[in-house]
Amino acid sequence: MSSNPSPLYAAPDDWRAYSGVLSRRIFAFIIDYVIVALLCIPAAIVLFFVSVLTLGLGFFLYPALFIIVAGLYFGWTLGGQHHASLGMRAVGIAMVRVDGRRMDFLTAIVHLALFWILNSILTPLILLAGLFIERSRLIHDLLLGTVIVKTA
């Protein structure tokens with residue numbers, strides 16, 4: 001049994017579940033990256049004390065701090081019971097897998113990594129793919145078998 005009253009398992013077939021998803025994804029992206037930036041502040045403070053305890057070895061993690069915080073944030077939120085990050089929940093969307101399996105931590109991390117890789121190669125023009133692909137999916141959604149649906 002799940003504590004979530006309306007768990008999302010498989011992608012619905014109704015087209016209304018996907019209308020307006022692309023614009024909601026953009027707003028969720030902005031909200032989520034503000035949250036990640038704010039989470040980097042306490043993480044940097046904790047990392048400072050860890051660095052002092054490890055005689056300076058922890059300082060080598062500072063260049064990767066944003067990536068680590070973002071990975072943990074998206075892994076725990078997308079892979080959690082709501083299948084959505086805080087930004088996604090704020091705009092009323094969630095990520096589900098097309099095959100009906102539950103989102104997990106590793107799939108959420110790979111989704112984030114593919115987004116960053118494809119975005120660095122294809123620039124933000126990658127969002128144009130969502131205008132032409134069914135269900136407003138992006139390229140990394142196609143590669144992983146995920147889709148974003150409206151929850152509200």
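Tutor: A pocket here is an open set of points on a 1 Å grid over the protein atoms alone, where a 1.4 Å probe fits, with protein on both sides within 12 Å along at least five of seven lines. This is a predicted model, so local features need pLDDT of at least 70, side-chain atom pairs count only at pLDDT 80 or more, and totals for linings use all residues. Residues are numbered from 1 along each chain as its sequence is written, and side-chain values use heavy atoms, without hydrogens and water.

Student: What volume does the largest pocket have?

Tutor: About 430 Å³, taken as the space filled by probe spheres set on the points, which are joined across faces, edges and corners.

Student: How many charged residues are in the lining?

Tutor: The lining has 2 charged, 4 polar and 17 nonpolar residues.

Student: Switching to the largest nonpolar core. Which members touch the most others?

Tutor: Val36, Phe74, Leu78, Met88, Ile93, Met95 and Ile148, in a core of 23 residues. A core joins buried Ala, Val, Leu, Ile, Met, Phe, Trp, Tyr and Cys through side-chain atoms within 4.5 Å. The elements giving two or more residues to this core are α1, α2, α3 (86–91), β1 and α4.

Student: What is Phe74 in contact with?

Tutor: Beyond four places in sequence, Phe74 contacts Asp32, Tyr33, Val36, Gly79, Ser85, Ala108 and Leu112. Contact means heavy atoms within 4.5 Å.

Student: And the strands: in which sense do β1 and β2 pair?

Tutor: Antiparallel, over 5 bridges; pairing takes at least two DSSP bridges. Arg97 has Thr146 of β2 as its bridge partner. In β2 (residues 146–150), 4 of the 5 residues are buried, so the strand is largely enclosed by the rest of the structure.

Student: What is the phi of Arg135?

Tutor: Near 60 degrees, positive in a residue that is not glycine. Ser136 also has a positive phi, about 55 degrees. Arg135 sits in the loop between α5 (129–132) and α6 (139–144), and Ser136 lies in the loop between α5 and α6.

Student: Is Ser136 buried or exposed?

Tutor: Buried, at 18% relative accessible area, whereas Arg135 is partly exposed at 24%. Buried is under 20%, exposed over 50%, partly exposed in between (1.4 Å probe, protein chains only).

Conventions:
1 Å grid on protein atoms, 1.4 Å probe; cavity = no way out; pocket = protein on both sides within 12 Å on 5 of 7 lines; lining within 4 Å. Nonpolar A, V, L, I, M, F, W, Y, C, P; charged D, E, K, R; others polar.
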